[in-house]
Amino acid sequence: STDLKTSVRNSDIIFICVGTPTKKNGTSADLSQIYNVAKEISSSINKFKIIITKSTVPVTTGDEIEKIIAKKNSKKKFSVVSNPEFLREGEAIRDFTYPDRIVVGSNDKKSNKILRNLYSPLISKGAQYINTSRRAAELIKYASNAFLATKITFINELANLCEKSGINVEDISLGMGSDNRIGSRFLRAGPAYGGSCFPKDTKGLVSAADKYKVNLSVVKSVIKSNHDRVNLLTYKIHKILGSNLKNKKISFLGVTFKPNTDDMRDSTSLKMIPYLSKKGAIINYYDPSGEKKELKKIKNCSYKNIQNILKELYKRFVVPFYIPLLSLIPLILITSSKESSNYNKLRLITFLIGLGVIIFSETTIRLISSILVYDTFMVIIPFVMILFFYLFLFNKFYFKKKLLKWRFILNLYQLLF
C-alpha cells in the first residue's frame, strides 16, 4: 500500500527497511531516511506497536528513534527493537528461509516474546534465536560485516606475500579454512571487497567508535588496505604492459562486485576501467548479468556477449583456426561467477572477445607465467601447421590474387595483435 498512515494503524509490527548509505564526503552513515520514517510512524500510532529496525545502523540509533516517536506518543504505546538482517546479496531468499541466526535486540520482555513467536517457523528449521539488548544487536551487524571484510583483506595481503615467495595462496586458504575456529568462507584472495555493505559498514563502525573516542585500528587498517588493493592491480598492469597503455587491449570477465548479482556498487571494475580508459587502453568486458549502464559512457569500453562474439567469429574466421591459440590469451578476472569457474572456457571467451595481453589469476591476481611460457611452446607447432594449412587451402580456392592474400594476412595480424 502507498497509504502509510492506514498501514501503520492496521499493523502490530512495523519493520523499518530503508537505506543507510555513507554520507557524501564523510564516513558516517546517513540516517536521514531512518529518522524520516520514524517521524511518519509517530503520527499514526493508535495502539501498541513494535517498531523494528532492519536497516544496518550505528549504535544508539534505536535510542534516537525512540526519542522521535516519544515526542508524540507515550512510551507505553510502542517498543523499538533492533533486528538486523544477515542476507547475502544473490542469496537473499535462501538466507531468509534458512537463516543461521536471528538476532533480536529488545529492552522489554513483551516484545521479545512476540518476536520469538513471529520467528518460530524459522526457529523450528534450526535457526538460532539470540536475544540481546538493542544496542548490542545494532553492533552485532556492524561487527559481523567488519570481521568478514577483515578476512577478505587478510587473505588478499597474504596473497601478496605468496606471489613474492612463490607460494600458491589457495593452499594457504585450504590449510587455514580447514581449522573450524577459522572457517573457509571469505578466504578467497581476489580484488578489493565492494558492494553496498562492507565499504559503508566498516567506515560506519569506525565513525561510531570515534564518537566514543575508541580507536579501531584493525578496522582502519582493513579500510586502507582494501583501498590500496585497487592501486595494486593497476600497478601490476603497468608492470607487465609498461607505462604506455595506449591501444593495448584488455578484457574483463565479470565486472560486478560479486558473483550472482548485477550490483555494481563499489566494484573494483568501476575504478580500474575508467583509469585504463584514460590511459588509452581498449577495453572489452563480459558479465553474466549483461551490459552495465555505468560503463556505457566510458571511452573505448564495450560490452561483449556470446552472441556478438560468435557473429564476429563467423564473419572473420573459422572455429578450428582459433583452438590452438587459446593458451596465448590473457584475461582479468574480477568476480568468481559460476560462468567463470571453468578456466579453459574463460580463455576461449577472452580470446574471442578481443584479446588482452595479461593473465591474472582470480585467487592471487598474479601473472601465470606457466600459461605464457609452457602453453606457448605446446601450441606453437600445431599453430604453425594449421596456419600453413589454412593459407594453402584458401590460396588454392580463393586467393588467386596476391593482393587478397596479403590483405588476409594483414587482417589476421590486426585481429591477433
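Visitor: Which residues in α2 meet α3?
Guide: This is a predicted model. From α2, Ile34, Tyr35, Ala38, Lys39 and Ser42 take part. Their partners in α3 are Thr61, Glu64, Ile65, Ile68 and Ile69.

Visitor: And the make-up of that contact by class?
Guide: Six residues are nonpolar, two are polar and two are charged.

Visitor: How do the axes of α2 and α3 cross?
Guide: At roughly 35°, and the axes come within 9 Å. Helix α2 covers residues 32-42, helix α3 residues 61-70. The crossing is right-handed.

Visitor: Switching topic. How many disulfides?
Guide: The count comes to zero.

Visitor: What about Cys17, buried or exposed?
Guide: Cys17 counts as exposed, because its relative accessibility is 58% and the cut-off for exposed is over 50%.

Visitor: And Cys162, buried or exposed?
Guide: Cys162 is buried, at a relative accessible area of 5%.

Visitor: Now Ser196. Where is it?
Guide: Ser196 is in the loop between α8 (169-177) and α9 (198-211).

Visitor: Is Ser196 buried or exposed, and why?
Guide: Ser196 is buried, because its relative accessible area is 19% and buried means under 20%.

Visitor: What is Ser196 in contact with?
Guide: Setting aside neighbours within four places in sequence, Ser196 is in contact with Glu89, Asp263 and Arg265.

Technical notes. Residues numbered from 1 in each chain as written. Predicted model: local features only at pLDDT ≥ 70, side-chain atom pairs only at ≥ 80, totals over all residues. Heavy atoms only, no water. Axes fitted to C-alpha atoms, helices over the stretch in contact; angles between N-to-C directions. Helix = DSSP H or I, 4+ residues; strand = E, 2+ residues; numbered from the N terminus. Left-handed = near helix turned anticlockwise from the far one by under 90°. Contact = heavy atoms within 4.5 Å. Nonpolar A, V, L, I, M, F, W, Y, C, P; charged D, E, K, R; others polar. Disulfide = S-S within 2.5 Å. Buried < 20%, exposed > 50% of the residue type's maximum accessible area, 1.4 Å probe, protein only.
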